[in-house]
Every structure is written in structure tokens, then in C-alpha cells.
Amino acid sequence: MGVQRRGYRSDLSDERWALIESVLTAWRAARVGLGISRPVHDLREIVNAILYVARTGIAWEYLPHDFPPAKTVYDYYAKWEADGTTQRIHDLLRERVRTARGRNASPSAVVLDSQSRRV
């Protein structure tokens, strides 16, 4: 598996992929043995396709043909949203940014705008 196409501006760099690869490979490994056939598509390409949709704003079915099938990409996206994988990735990245800036990994305070909060 691997990229067999020209890159898009929305594609993950090697450095960014290295940050999240372990989370996604662990997710996939946990699903092995559940009667699911062997994975066909590269996880990095799935993420690249999701980022392409997010960046360009196109509908899933308009994904370029050099990505995995749109239904497959959406299925991964929906599963990651439903089981909290995207939140885990978000938390991981936020913690790394905060640590790199010399702050505590987890925020200790929150600011609420009273106009945004319904009572």
C-alpha cells in the first residue's frame, strides 16, 4: 500500500502522518478477526481523502478517482466519528501542541460566552 498518485495540497506530510499513524493502525488492528476481510486501502490515503473533502468542500461522491472509493472513505470517517477515534486524534494533537509550547498537556480552564450558552 502507499500513494501511487500525484499529491494534493491537502495531503498529509510524512511528519503529520507520523503523529496519527499509531492511533489509526491500532484502530484497524482491533478490528481484525471480526469476520472482516483483509484491508484493501491504505489508511493514509483514507485520511488524505477525508482531508481533501474537508478542504475543498466537495460532496463525498465527487472525490477524484485516484482516492479510494468515496463510500469506503465515508465509511471510515463515519466509524471514526462514531467511536471517538477522531476525538482521540484531536486530543493527541492538542496535547502535543500545548506541550511543545511549554503548557500543561490538558487545559485547566474554559471560557464560556454567555450569549452562546442557552440557559
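1. Of the 119 residues in the protein, 27% are buried, where buried stands for a relative accessible area under 20%, exposed for over 50%, and partly exposed for what lies in between, with a 1.4 Å probe and protein chains only. The model is a predicted one, in which local features need pLDDT of at least 70 and side-chain atom pairs count only at pLDDT 80 or more, while totals for chains, interfaces and linings use all residues. Residues are numbered from 1 along each chain as its sequence is written, and side-chain values use heavy atoms, with hydrogens and water left out.

2. The secondary structure comes to four helices and zero strands, and the order from the N terminus is α-α-α-α. These elements are DSSP runs numbered from the N terminus, helices being H or I with at least four residues and strands being E with at least two. Among contacts between residues at least 6 apart in sequence, 61% join residues at least 24 apart, a contact being heavy atoms within 4.5 Å.

3. The largest nonpolar core has 20 residues, and those with the most contacts inside it are Trp17, Ile20, Leu24, Val47, Leu63 and Trp80. Such a core is a set of buried Ala, Val, Leu, Ile, Met, Phe, Trp, Tyr and Cys residues joined through side-chain atoms within 4.5 Å. Two or more residues of this core come from each of helix H1 (14–31), helix H2 (43–56), helix H3 (70–83) and helix H4 (85–100), and H2 gives the most, with seven residues. Once its neighbours within four places in sequence are left aside, Val47 is in contact with Leu12, Trp17, Ile20, Leu24 and Trp80.

4. The axes of H2 and H3 come within 9 Å and cross at roughly 90 degrees; axes here are lines fitted to C-alpha atoms, for helices over the stretch in contact, and angles run from 0 to 180 degrees between N-to-C directions. H2 and H3 are therefore roughly perpendicular to each other, on a scale where angles under 35 degrees count as roughly parallel, over 145 as roughly antiparallel, 65 to 115 as roughly perpendicular and the rest as oblique. On the H2 side the contact is made by Leu43, Ile46, Val47, Ala49 and Ile50, and on the H3 side by Thr72, Val73, Tyr76, Tyr77 and Trp80. These residues divide into nine nonpolar, one polar and no charged, with Ala, Val, Leu, Ile, Met, Phe, Trp, Tyr, Cys and Pro counted as nonpolar, Asp, Glu, Lys and Arg as charged, and the others, Gly among them, as polar.

5. H3 and H4 pack with their axes 5 Å apart and at an angle of about 70 degrees, and they are therefore roughly perpendicular to each other. Trp80, Glu81 and Asp83 of H3 make this contact with Thr85, Thr86 and Arg88 of H4, and the residues involved divide into one nonpolar, two polar and three charged.

6. A search of the whole structure finds nine aromatic pairs, a pair being rings of Phe, Tyr and Trp (its six-membered ring) with centres within 6.5 Å, where planes under 30 degrees apart count as stacked, over 60 as edge-to-face and the rest as tilted. One of them joins Trp27 and Tyr76 in a tilted arrangement, 5.7 Å centre to centre with 55 degrees between the planes, and it links distant parts of the chain, since Trp27 lies in helix H1 and Tyr76 in helix H3, 49 residues apart. Trp27 is buried at a relative accessible area of 11%, and Tyr76 is buried at 14%.

7. The rings of Tyr74 and Tyr77 have centres 6.1 Å apart and planes at 45 degrees, so this pair is also tilted. Both residues lie in helix H3, three residues apart, about one turn of the helix. Tyr74 counts as partly exposed at 40% relative accessibility, and Tyr77 counts as partly exposed at 29%. Ring pairs also link Tyr8, Tyr52 and Phe67 into a cluster.

8. Two further positions may be checked in the viewer. Leu19, found in helix H1, is partly exposed with a relative accessible area of 29%, and it touches Leu92, Leu93 and Arg96, residues up to four places away in sequence not being counted. The C-alpha atoms of Leu19 and Leu92 are separated by 8.5 Å, although the residues are 73 apart along the chain. Pro39 lies in the loop between H1 and H2 and is partly exposed, with a relative accessible area of 29%; its C-alpha atom is separated by 8.6 Å from that of Arg28, 11 residues apart along the chain.
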